[in-house]
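Please open the structure in the viewer and keep the selection panel at hand.

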Amino acid sequence: MKKDLVIIGGGPAGLAAAIAAREAGVEELLILERDCRLGGILNQCIHNGFGLHTFKEELTGPEYADRYIGKAKTLGIPYRLNTMVVDLRAEGQQKKLTVMNREEGLYEIEAKAVILAMGCRERTRGALNIPGFRPAGIYSAGTAQRYVNMEGRMPGREVVILGSGDIGLIMARRMTLEGARVKLVAELMPYSGGLKRNIVQCLEDFGIPLRLSHTVVDIKGRDRVEGVTIARVDGNLKPIPGTEEEISCDTLLLSCGLIPENELSQGLGAAMNPVTGGPFVNESLETDKEGVFACGNVLHVHDLVDYVSQEAEAAGRKAAAYLRGGLEGTGRVVSLRAAEGVRYTVPASLDIGRMEEAQTVRFRVGDVYRDAAIEVSCDGRILRSVKKKVLAPGEMEQIILKKQELEAADNPKEIVISVRTQGQGKEA
Amino acid sequence: MSETRELVCIRCPLGCNLSVKLEGGEIAAVTGNTCPRGAEYAVKELTDPRRIVTSLVRVRGGELPVAPVKTASDIPKGKVGDCVKALRQIEVPAPVHIGDVVMENVCGTGVDMVATANVDRS
């Protein structure tokens, strides 16, 4: 099978990328989705809060997904469900995908361009090294979410949640509403990894305690979870002896971070950013492998699906431009560097000749800051400084770079984005 | 007598930190909001707190055993628990479509419960 463009993943990123590519004139394209329906993880995110930026209304996950699925179907974009990409490689300009499903077995697809939109997965208990036996009752928060919201099953009655990522917070509310008792949420860091609004409406509304600087040090029970031991951690995140506390429960949910799912990107040999776990991309969201683009949570983990859709639309447009031969580099490349307080930037470089009038740069900070500023400088000259009341690792930030301001600079080489604290602004 | 209350706006994921100035129990000023929705939220949260409720309803003969639902608009915060309990009492036949009303006037709030996903027949 030969295609101009193959999109790996039919979640929010893949759908928005496919729609944008089709609208930019790509006829021969195909979405490959391993689940039995389009929409990805949005299908199990039945809470509201999606789409305020995109649709100016507050939708639930399935409703947000349905808008894009409907549009993809109206545009006649072909897709295959229950289909898994097992290998991706580049042979010159040609990309080859090895694909598998029940009907057709193992087969190959040749593509001129590929958009990576595989999303991310949750960090597991194995990756957290919590001691104890391996009883039933330990789930990642997302697995529990699927059981409750799509399969109508309750994973347990008395719940402790480790990690205050958004899925953990959302599940604290879901489990409570469905009749379970959520005893507490323990968070290793001194701040929450989730959005502030979720702390308010998922924990505070229901009186669920959030224990910052705490972790689970032991899991009790052989066949079924009977309880967990939590302990306070010190500044090096090590449990402090003597602070242990036993909590009885039958279920432990883990919401300890998301990891971009990049086995295919690594197999391809794309250069990876160890901070995000995703590939390095330029202003066109193209990896260092020509004609291979990335967007959404496979690139870097987002908080808001609206931004995933925006990013994916850009990837779709750029893939279409590439297929038209309109994505030739001009060599006027500026690198972007994350400095003090900023962990990474997406993109990591940009070609001034190829960039759009306004380029969104997304990043995360590494700590909680109050009354700080985000400073953008180009070869030592400050382009701008944006005041921020609060900056937190759980909330993605963005700045806009204008083509005009870079054109005006004298042969710019490097743009640095950093956090500037004013006096004692930084919180431990 | 003036007093300041700190709130986090939950109207959108930005989560603005709001400061509400109260003069003799009356709301005098809201600051820290990025948009008008923030000011509206602050006033509502201190006078008549409301929430949109999202939950599930059991489906008979569907490809999935449950369908997600939401209140068509926000309801008083104190009625959230009752609303979820009321949903446990009913079952709807497949197919279910986005926007279908699965329960009218839930718990006397005047607000309908509507489906938020399509569930086909099995």
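Domain bounds, as used here, come from an automatic or database domain assignment. The model is predicted, so that local features need pLDDT of at least 70 and side-chain atom pairs count only at pLDDT 80 or more, while totals for chains, interfaces and linings use all residues. Residues are numbered from 1 along each chain as its sequence is written, chains are lettered from A and ligands numbered from 1 in the order in which they are written, and side-chain values use heavy atoms, with hydrogens and water left out.

**Chain B**

Select residues 2-47 of chain B as domain 1 and 54-115 as domain 2. The centres of these two domains of chain B, taken over C-alpha atoms, are separated by 30 Å.

**The second largest pocket**

Next, select Lys196(A), Val390(A), Glu395(A), Leu14(B) and Gly15(B), which are the closest to the centre of the second largest pocket among its 44 lining residues. A pocket is an open set of points on a 1 Å grid over the protein atoms alone, where a 1.4 Å probe fits, with protein on both sides within 12 Å along at least five of seven lines; lining residues have an atom within 4 Å of a point. The volume of the second largest pocket is about 1200 Å³, a volume being the space filled by probe spheres set on the points, which are joined across faces, edges and corners.

Now display strand 25 of chain A, which gives the largest share of this lining, four residues. Helices (H or I, at least four residues) and strands (E, at least two) are DSSP runs, numbered from the N terminus. Colour the lining of the second largest pocket by class: 21 residues are nonpolar, eleven polar and twelve charged. Here Ala, Val, Leu, Ile, Met, Phe, Trp, Tyr, Cys and Pro count as nonpolar, Asp, Glu, Lys and Arg as charged, and the others, Gly among them, as polar.

**Aromatic pairs**

Over all chains, the structure holds five aromatic pairs. Rings of Phe, Tyr and Trp (its six-membered ring) pair if their centres lie within 6.5 Å; planes under 30 degrees apart count as stacked, over 60 as edge-to-face and the rest as tilted. Select Phe55(A) and Tyr64(A): their ring centres are 5.5 Å apart and their planes lie at 70°, so the pair is edge-to-face. Phe55(A) is partly exposed at 26% relative accessibility, whereas Tyr64(A) is buried at 0% (buried means under 20% relative accessible area, exposed over 50%, partly exposed in between; 1.4 Å probe, protein chains only).
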